[in-house]
Every structure is written in structure tokens, then in C-alpha cells.
Amino acid sequence: MRAGTKPRSAVVRDALGVGVAVGLSGFAFGVTASGAGLTVLQACALSLFVFTGASQFALVGALAAGGNPFTAAAGAFFLGTRNAFYGLRLSGLLGYRAAVRPLAAHWVIDETSAVALAQPDRRSARLGFTVTGLSLYALWNLTTLAGAAGAEALGDTDAWGLDAAGPAVFVALLGPMLRTTVERAAAGLGAALLLVTLPLLPAGVPVLVAALAAPAVLWAEGRRPRTRTGDASGTTEKSTREADAR
């Protein structure tokens, strides 16, 4: 094995771990979609052709709250645009031929991007992307079918409390990803904006307002005064001289 490469078995193990863990969340989406009034066929079509969990949950959540379908779709589209930025990075990393790129683009989501970008070389990145995408896509669609069909058989999902399954899963997936102060601040501000605007604005619109938290936090972070490199170096040199003099 060449230096800097990663064993295929390790890449496959990590990719399958992500694909299976997240793919099971499709059950929660199926339940939520059924509770929002979608048929089993409609829920399955969303998972087959949209295949981006956050956008799917945003869409059915807005519909469940009585929102306008166009507003709900706008919120889902806005959340889905992040995948375009992943694609820009992955395009050079994976280096697929032009004929393959449209097919690979359908699998460009948070999880496949994270696994691919964590690899040390192109070969491992392609393997991680493919295994994650294949396992997640297959399992997500199967569990969507199971969740939607099961919820339809149960009847009123509100009576069973299953309407909370989607948001709970989404929060559980999001929590571990908030590692930096900026990320936590953006999530906290987004939640605050959502809670404030939820009683005031039509269903679906609060999601769009909450999305403004990210650029607002990034703008505030950019405005923060930073210590200049020269000042920091001068302070270090001064401390060193004082230590030598003692």
C-alpha cells in the first residue's frame, strides 16, 4: 500500500457506517410525510428524486403546518442549494468524466461529501463517496416506504406522537455537527428567529427567515477585531527577552 493511502476495508467500513446510520432516518421522514398528508407514492417520490433529508423535512414540515406549497418548496430549495457548493469542491476531488457527473450529482449531500472529503487521495474519495451514496440512497428510500406505509396503516400520526419524529431526528443529526463557536452561534440564532417568527408569519416563511442566521453570524465574525501577526510576534519576542534576562 502506498504511503498516504487508506485501506479499502477502512474506507468501506466508515462509509457503510454513515450510510446505514443516516439511512435509517428515512423512516422518520416517511412518518412525517404521511402526517403532512402526502401519500405513500408522493413520499417515496420525494426520497427518490429529491434525496436531501433537510430539504425534505422542511418541505413536509411546512405543508403539515398548513403552509403554501410554493412557500414550502422555496424553503426546501433554499436549504438544498448548499449541495451545489459541495459539488464545486467534489468535482475536482473525484474527477469523474462528464457523462458520470449528472448521476453522481444526485448523491452530493452532507454525508457523502463529508466521507469523500475526509479521504487522503482520489481513489479513496471515490470509493467512500460511492459506498456512502449507494448505501444511504438504498436504505433511505426503503425506510421512507416503510415509514409512510406504516404511518398510513396506523391512521392519525398526531395521536401516536409520530409527528415529532422528523424534527427530533433532524436535531439529533445536527447537534454533533456543531463543533465551533460560529456554528453554534448560527444554530442558536436560527432557532431564535424561528421561534420568534413562527407565530407571526405564514408556514414555511420562518424557515427562510431563520436561514439568515448564517450570513448574519459570518458577517459579525468578520467584523471582530483580530490581533495582528506582527503584534503577536512582538509580544512573544518581548516575553522571550524578559525570560532570558531573569
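**Briefing: salt bridges, aromatic pairs and a pocket**

Arg 13 is exposed, with a relative accessible area of 55%. Here exposed means over 50%, buried under 20% and partly exposed in between, using a 1.4 Å probe and protein chains only. This is a predicted model, where local features need pLDDT of at least 70, side-chain atom pairs count only at pLDDT 80 or more, and totals for chains, interfaces and linings use all residues. Residues are numbered from 1 along each chain as its sequence is written, and side-chain values use heavy atoms, with hydrogens and water left out.

**Salt bridges**

- The count comes to 3 salt bridges, each a side-chain nitrogen of Lys or Arg within 4 Å of a carboxyl oxygen of Asp or Glu.
- Arg 13 meets Asp 14 in one of them, at 3.5 Å from N to O. Asp 14 is partly exposed at 31%.
- Arg 82 and Asp 110 form a salt bridge at 3.1 Å, N to O. Arg 82 lies in helix 6 and Asp 110 in helix 8 (residues 110-117), so the pair ties together parts 28 residues apart in sequence. Helices are DSSP runs (H or I, at least four residues), numbered from the N terminus.
- Glu 221 bridges to Arg 224, with the closest N and O atoms 3.3 Å apart. Glu 221 is partly exposed at 21%, while Arg 224 is exposed at 53%.

**Aromatic pairs**

- The structure holds 6 aromatic pairs. Rings of Phe, Tyr and Trp (its six-membered ring) pair if their centres lie within 6.5 Å; planes under 30 degrees apart are stacked, over 60 edge-to-face and the rest tilted.
- Phe 51 and Tyr 137 pair edge-to-face, 4.9 Å centre to centre with 90° between the planes. Phe 51 sits in the loop between helix 3 (40-49) and helix 4 (53-64), and Tyr 137 in helix 9 (residues 122-154), 86 residues apart. Both Phe 51 and Tyr 137 are buried.
- Tyr 96 and Phe 129 form a tilted pair, 6.3 Å centre to centre with 55° between the planes. Tyr 96 lies in the loop between helix 6 and helix 7 and Phe 129 in helix 9, so this pair ties together parts 33 residues apart in sequence.
- Phe 129 counts as buried at 2% relative accessibility.

**Second largest pocket**

- A pocket is an open set of points on a 1 Å grid over the protein atoms alone, where a 1.4 Å probe fits, with protein on both sides within 12 Å along at least five of seven lines; lining residues have an atom within 4 Å of a point.
- Among the lining residues of the second largest pocket are Tyr 96, Arg 101 and Phe 129.
- Helix 6 gives the most to this lining, with 5 residues.

Key: Helix = DSSP H or I, 4+ residues; strand = E, 2+ residues; numbered from the N terminus.
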